[in-house]
Amino acid sequence: MRIDIAAVGRLKKGPEAALVADYLDRFARTGRSLGLPAIGMIEVEDRRGGGMAAEAELLTRAIPAGSALVTLDERGDQPASPDFAARLAQFRDSARDACFVIGGADGLDPSLRDRAEWSISFGRMVWPHLLVRVMLAEQLYRAATILAGSPYHRA
Ligand SMILES: C[S@@+](CC[C@H](N)C(=O)[O-])C[C@H]1O[C@@H](n2cnc3c(N)ncnc32)[C@H](O)[C@@H]1O
C-alpha cells in the first residue's frame, strides 16, 4: 500500500514544516513494524490564478491512480482518533492506497469533494491549510501508535 498527503501550496521552511517532518518521521518509524509505509507528500501549485478548479485539476493529476480519495474538509465526518486508526488499518488490510487531500486558501473544488470516498473534518471551524497539514500528520502518527498499542494516545 501507499499513503500520500496531497496539498495545495508549497510548505516553506518554518515551524509548520518542522512539525510535519517530525510527525511523518515518527509515523514512518512506528508504522514500519505495522505494515504501514512512510507517507509521501505531494504538493501542487497553480501559478496562473485559476482558482479552485485549476487546483482540482492539478490535484487530480497528482493523486496516485487507484488511491482512496480522502478529503480534509470542515464539512466532513469527525471520527474519533481510534476510529481514524481503524480506517487506516482497513486500508492497509485491504491493500488499498490512500491519499489525504488538503485544499488551498479557497478550499477544495466541489468536483473533487464530490468524488471523495471519505471526508474528514477537524471540527467545523476553518483552519489554515498549513496547520491542517500539521494536524493530519499528528493524527496519522497517533493512529500508528494506537495500532501499535503504545501509550501515546490516552483517551
Ligand atoms: C483555509 S481552508 C479553506 C476553507 C474554505 N472555506 C473551504 O470551503 O474549504 C484550506 C483547507 O484546509 C482544510 N481545512 C480547513 N479547516 C478544516 C477543518 N476544520 N477540517 C478539515 N480540514 C480543514 C481543507 O482541506 C481546506 O480546503
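The exercises below work through a predicted model, with a solution after each task.

Residues are numbered from 1 along each chain as its sequence is written. Because the model is predicted, local features need pLDDT of at least 70 and side-chain atom pairs count only at pLDDT 80 or more, while totals for chains, interfaces and linings use all residues.

**Exercise 1. The largest nonpolar core**

Task: find which residues of the largest nonpolar core touch the most other members, and which element gives the most to this core.

Solution. 
- Step 1. A residue is buried if 20 or more other C-beta atoms lie within 10 Å of its own, exposed if 12 or fewer, and partly exposed in between, with C-beta atoms placed from the backbone. A nonpolar core is a set of buried Ala, Val, Leu, Ile, Met, Phe, Trp, Tyr and Cys residues joined through C-beta atoms within 7 Å.
- Step 2. The largest such core has 40 residues, and Phe100, Val101, Ile102, Leu136, Ala137, Leu140 and Ala143 touch the most other members.
- Step 3. Two or more residues of this core come from each of strand S1 (3-8), helix H1 (15-31), strand S2 (39-44), helix H2 (51-62), S3, helix H3 (81-93), strand S4 (98-102) and H5. H5 gives the most, with 10 residues.
- Step 4. Take Ile102 and list its contacts, meaning C-beta atoms, placed from the backbone, within 7 Å. Leaving aside neighbours within four places in sequence, Ile102 is in contact with Ile5, Ala7, Val8, Leu72, His129, Val132, Arg133 and Leu136.

**Exercise 2. Helices H1 and H3**

Task: compare span with expectation for H1 and H3, and explain why the buried residues of each line one face.

Solution. 
- Step 1. The expected span of a helix is 1.5 Å times one less than its number of residues. H1, with 17 residues, reaches 24 Å from its first C-alpha to its last, close to the 24 Å expected.
- Step 2. In H1, Val20, Tyr23, Leu24, Phe27, Thr30 and Gly31 are buried. The arc is that of the directions from the helix axis to the C-beta atoms. Down the axis of H1 the buried residues fall within an arc of 125 degrees, so they line one face.
- Step 3. The face of H1 turned away from the buried side carries the exposed residues Pro15, Ala18 and Arg29, while the cover over the buried residues includes S2 and H5.
- Step 4. For H3, 13 residues should span 18 Å, and its end C-alpha atoms are 18 Å apart, which agrees.
- Step 5. Phe84, Ala85, Leu88 and Phe91 are the buried residues of H3. They fall within an arc of 115 degrees seen down the axis, so they line one face of the helix. These residues pack against S3, S4 and H5.
- Step 6. The face of H3 turned away from its buried side carries the exposed residues Gln90 and Asp93.

**Exercise 3. Two loop residues**

Task: state whether Ala95 and Asp106 are buried or exposed, and place each in its loop.

Solution. 
- Step 1. Ala95 is found in the loop between H3 and S4. Ala95 is exposed, because 8 other C-beta atoms lie within 10 Å.
- Step 2. Ala95 has a positive phi of about 55 degrees although it is not a glycine. Most residues other than glycine have a negative phi.
- Step 3. Asp106 is found in the loop between S4 and helix H4 (110-113). Asp106 is exposed, because 11 other C-beta atoms lie within 10 Å.
- Step 4. Not counting residues up to four places away in sequence, Asp106 touches Gly51 and Met52.

Notes
Helix = DSSP H or I, 4+ residues; strand = E, 2+ residues; numbered from the N terminus. Contact = placed C-beta atoms within 7 Å.
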